[in-house]
Amino acid sequence: MRLIIAGPTASGKTNLSLKLAEVLKCPIISADSRQCYRYMNIGTGKVTKIEMQKIPHFNISIFDPDEKDTAAAFSKRCRQWEAEVIQKSPHVIYAGGSTLYLEALLRPLDNMPDSSSANLQKLEKLENEKGQDHLLEMLSDADPAYIGKMDGYNRQRIYRALDIWMQTGKPFSSFHTSWQKDIPSDTLVFGINHTRETLFERINNRVDTMIESGLLNEVQEIIDMGFKPDAHALQTVGYREVISYFNREITFDEMVTKIKTNSRRYAKRQLTWFRRWNFLQWLEPDKAVSKICSQLAVNE
């Protein structure tokens with residue numbers, strides 16, 4: 001049985017997955033689109049080495065920050081990992097809030113071409129020369145159905161959608177026919193429920209903890225390794241604001257404020273997406289493990 005622990009950033013997905021994995025004696029696959037990158041530990045809330053020694057984890061620290069990953073590639077890796085897991089445990093836990101990665105896991109995208117580096121370079125040049133609004137206009141003309149589902153400017157998704165359109169002449173949304181199907185019968189999806197006020201307080205506290213734990217040193221070490229500040233994985237909330245601070249574009253206090261503000265905005269986008277899932281069961285944090293185990297017993 002697949003057990004998916006979803007939810008917005010800072011909602012407590014990692015802690016819940018660890019508690020549940022200890023009870024069920026099963027491994028965890030990270031469904032976070034940034035925890036798969038090496039060296040990015042503090043800013044992604046990655047599990048510790050000690051925790052990984054206790055409970056087997058997959059999709060943690062497998063790429064360098066300048067490598068690119070996709071939701072389709074993640075889904076393919078998961079099928080391979082699940083084949084390994086089934087031999088040792090009847091269950092596997094997914095924990096993460098990367099919405100497109102979870103969608104690809106639940107309802108795999110139809111076959112589509114890999115990204116074109118030439119197209120991505122053209123789009124980056126267009127964005128630099130004409131701005132984000134120009135790309136949004138392009139996507140609005142090419143794929144109004146897809147852009148209508150977006151909440152705010154998501155650079156990676158906009159590039160991917162335009163790249164597919166440039167390669168095939170077909171809108172990105174036309175490859176999503178499988179999204180209309182039901183989720184697999186061997187899958188249960190749960191979300192951690194907090195009030196808006198509690199969630200935002202958790203986000204603010206988490207950012208403070210990240211700073212205190214050495215986020216700035218982590219970013220500096222990654223750059224000192226030779227990775228460029230505009231590396232793919234570093235275009236992430238927390239990392240890009242620190243880089244702006246290093247570039248003297250903002251003050252330290254402005255950096256902290258921006259990380260908190262952008263994290264809250266990201267959480268709002270995640271919640272908007274998750275509310276579309278009528279199959280998601282929202283859980284109260286203090287009752288989550290017992291509720292999931294009870295639901296698991298019913299389904300078995």
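Which residue forms a salt bridge with Glu241? I opened the notebook with that. I am working from a predicted model.

**Entry 1: Glu241**

I looked up the partner and found Arg240. The closest N and O atoms of this pair are 3.9 Å apart. I checked that against the cut-off of 4 Å, so the pair counts as a salt bridge. Next I asked how much cover each residue has. Glu241 comes out at 3% relative accessibility, so I logged Glu241 as buried. Arg240 has a relative accessible area of 34%, so Arg240 went down as partly exposed.

**Entry 2: the other bridges**

How many salt bridges does a search of the whole structure find? I noted six. Side chains of opposite charge can pair when their charged atoms come close.

I took Asp69 and Arg77 next. Their side chains meet in a salt bridge, at 2.9 Å from N to O. Are these residues buried or exposed? Asp69 has a relative accessible area of 4% and is buried. Arg77, with 12%, is buried too.

Then I turned to Arg160. Its salt bridge is with Asp163, and the closest N and O atoms lie 3.5 Å apart. I looked up where the two sit. Both are in helix H8, residues 155-168. They are three residues apart, about one turn of the helix. I also checked their cover, and both Arg160 and Asp163 are buried.

**Entry 3: Arg2**

I went to strand S1, residues 2-6, and found Arg2 there. What joins the side chains of Arg2 and Glu82? I recorded a polar contact of 2.6 Å. Arg2 has a relative accessible area of 10%, so I put Arg2 down as buried.

**Entry 4: positive patch**

Last, I looked at charge on the surface. Which residues gather in a patch of positive charge? I listed Arg196, Lys258, Arg265, Lys268 and Arg275. Which helix gives the most to this patch? That is helix H12, residues 252-274, with three residues.

Lys268 has its place in helix H12. Its relative accessibility is 38%, so Lys268 counts as partly exposed. A patch residue needs over 30% relative accessible area and no salt bridge. The 38% of Lys268 is therefore over the area cut-off.

Key. Residues are numbered from 1 along each chain as its sequence is written. This is a predicted model: local features need pLDDT of at least 70, side-chain atom pairs count only at pLDDT 80 or more; totals for chains, interfaces and linings use all residues. Side-chain values use heavy atoms; hydrogens and water are left out. Patches are made of residues with over 30% relative accessible area and no salt bridge: like charges are joined within 9 Å, nonpolar side chains (Val, Leu, Ile, Met, Phe, Trp, Tyr) within 5 Å. Accessible areas come from the Shrake-Rupley method with a 1.4 Å probe; for residues, only the protein chains shown count as cover. Lys and Arg count as positive and Asp and Glu as negative; His and the chain ends are not counted. The place of a charge is taken as NZ of Lys, CZ of Arg, CG of Asp or CD of Glu. Helices (H or I, at least four residues) and strands (E, at least two) are DSSP runs, numbered from the N terminus. Buried means under 20% relative accessible area, exposed over 50%, partly exposed in between (1.4 Å probe, protein chains only). A polar contact is a pair of N or O atoms within 3.5 Å; within protein, one must be able to donate a hydrogen and the other to accept it, and residues adjacent in sequence count only if both atoms are side-chain atoms.
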